[in-house]
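Let's take a friendly walk through this structure, one piece of side-chain and helix geometry at a time. Keep the viewer open as you read.

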Amino acid sequence: MKRNTRIFDLLSNYQEEHAKKKMVSGKFAGKWRHYSTQEFNQLVNELSRGLVIKENIKQYDKIALMSANRPEWNICDFAVNQLGAAIVPLYPTLANQDLVHILKDANISVIFLSNAELYQKVKVALEENGMEIPIYAFEEVEGTQSWQVLLDSGRAHPSLDLQPYRDAVVPDDLLTLIYTSGTTGKPKGVHLSHKNVMSNVLDCQKLLPSFYKKALSFLPLSHIFERMVVYLYISKGIEIHYAESLETVVADINEVKPDGFTTVPRVLEKVYDSIIAKGKQLSGIKKSLFFWAVELGHQFQEPEKNSAWYNFRLGIARKLIFSKWQAALGGNIKVIISGGAALQPRLARIFWAADIPVLEGYGLTETSPVIGVNSLEPGGLKFGTIGKVLDSVEVKIASDGEILTRGPHVTKGYYNNPEATAELIDAEGWLHTGDIGELTSDGFLRITDRKKEIFKTAGG
């Protein structure tokens, strides 16, 4: 793969090396809508041209995007970032005062949103505060314009050359502002550049084996975890299928039969609990065999540590019991990446035993996001840790045990907030994570505590 330095470089790379009939797919009212590489790139370019012609969007402008995962999210993202402008994701669940704060703080030029419900939410916020910002909707929404207006305008002006816009973007330019949840005061805009996120994409490419061809996505793209992973998929030519909703994830997995997905531990806990509940309904020898396999699974160690006798029994358990676990997740899972909160080691062990490898990682929005992650490489896994630190990332443990990190993944800081930035990043460029941890003798990072009295639930 040729060197990518800006996020939109991934698209030309995809077109040259991976072009296919299904690049990105979304599901609406139970039906799939597939976009080929050529169609996807064409829509990105038409939208870029439409934004220039209709809204005079230029380098350094900020565009808000409020929507659940769908192909239009990606099309908007690339159309904006190849103009040198930045996407500001808005969580659909934002409180009114936080929504208003973000729109003002980021000086938003245009808002994209998906449906009538979100339009009403944004409309109220704008009207109450005397703000006027153009709104475009992906679906037909009474009272506002369709994003099709921009696409049509761009299509009518194919001679508008986008190359000068792309050429003006340098890796250190702002790619996105992602606002923190606001649970501790007003939301803060995390400034992430093309270079920040691309360093994570390139470092994480080795996580996905070459035979990983198709992914399902359901974690919100408004979080940097899923968004970076989607860029990772695009960098490797992997098909992306967006689940219709969180409620349809299991059905969509069985329909798409993906090679993997990203998740938070809570989803894996629910999968495990539902499988165990089914096991309890069995009787006789079937029930005995089921719980024998579960007990064996909980004893699984890192692959190189399991004895020949253990592997012999595991082979039987996989054939008789765990093959059904695989089938319940579509039958093709090569790897699952878990982040957002701590994964119980017993869960990781049993999924690995079931031949469903789960790679736990760790990071922050402010680190684009991954600092360390377990891998499929020999010696790349240690249960109870968040893996080895990424290649381009530095980590050190402060005298009080706090994990500090430095490297191309670290944010420039909080937008319009030098005081908070100075608290986050010290004079030597070390970002203070607020987590307490340790590095093992063989290079794995373990989180042991939280410096501040804030904790994350298994739902992330």
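In this predicted model, helix 8 (residues 194–204) packs with helix 9 (residues 224–235) at an angle of about 60°, and their axes lie 9 Å apart. Angles from 65 to 115 degrees would count as roughly perpendicular and those under 35 degrees as roughly parallel, so helix 8 is oblique to helix 9. The crossing of helix 8 and helix 9 has a right-handed sense.

Now for the aromatic rings. A pair of them is described by the distance of the centres and the angle of the planes. With ring centres required to lie within 6.5 Å, the count comes to 16 aromatic pairs. Take Trp309 and Phe312: their ring centres are 5.8 Å apart and their planes meet at 20°, which is under the 30 degrees limit, so this pair is stacked. Both residues belong to helix 13 (residues 308–328), where Trp309 and Phe312 are three residues apart, about one turn of the helix. Are they buried or exposed? Trp309 is exposed, and Phe312 is exposed too.

Helix 13 also holds Phe322 and Trp325, again three residues apart, about one turn of the helix. Here the ring centres of Phe322 and Trp325 are 5.1 Å apart with planes at 90°, so the pair is edge-to-face. Phe322 has 1% relative accessibility and therefore counts as buried. Trp325 has 3% relative accessibility, so Trp325 counts as buried as well.

Elsewhere, Phe112, Tyr136, Phe138 and Trp147 come together as one aromatic cluster. The charged end of Arg33 sits over the ring of Tyr35, at 4.0 Å from its centre. Likewise, the charged end of Lys188 is placed over the ring of Tyr414, 5.2 Å from its centre.

Let's finish with Arg446, a residue of strand 21 (residues 445–450). Its relative accessibility is 26%, so Arg446 counts as partly exposed. Which residues is Arg446 in contact with, leaving aside its neighbours within four places in sequence? They are Lys382, Gly384, Thr385, Ile436, Gly437, Glu438 and Thr440. The C-alpha atom of Arg446 is also separated by 9.6 Å from that of Tyr362, a residue 84 residues apart from Arg446 along the chain.

Notes: Residues are numbered from 1 along each chain as its sequence is written. This is a predicted model: local features need pLDDT of at least 70, side-chain atom pairs count only at pLDDT 80 or more; totals for chains, interfaces and linings use all residues. Side-chain values use heavy atoms; hydrogens and water are left out. Rings of Phe, Tyr and Trp (its six-membered ring) pair if their centres lie within 6.5 Å; planes under 30 degrees apart count as stacked, over 60 as edge-to-face and the rest as tilted. Helices (H or I, at least four residues) and strands (E, at least two) are DSSP runs, numbered from the N terminus. Buried means under 20% relative accessible area, exposed over 50%, partly exposed in between (1.4 Å probe, protein chains only). A charge sits over a ring if NZ of Lys or CZ of Arg is within 6 Å of the ring centre and within 35 degrees of the ring normal. Axes are lines fitted to C-alpha atoms, for helices over the stretch in contact, and angles run from 0 to 180 degrees between N-to-C directions. Angles under 35 degrees count as roughly parallel, over 145 as roughly antiparallel, 65 to 115 as roughly perpendicular and the rest as oblique. A crossing is left-handed if the near helix is turned anticlockwise from the far one by less than a right angle, and right-handed if clockwise. Contact means heavy atoms within 4.5 Å.
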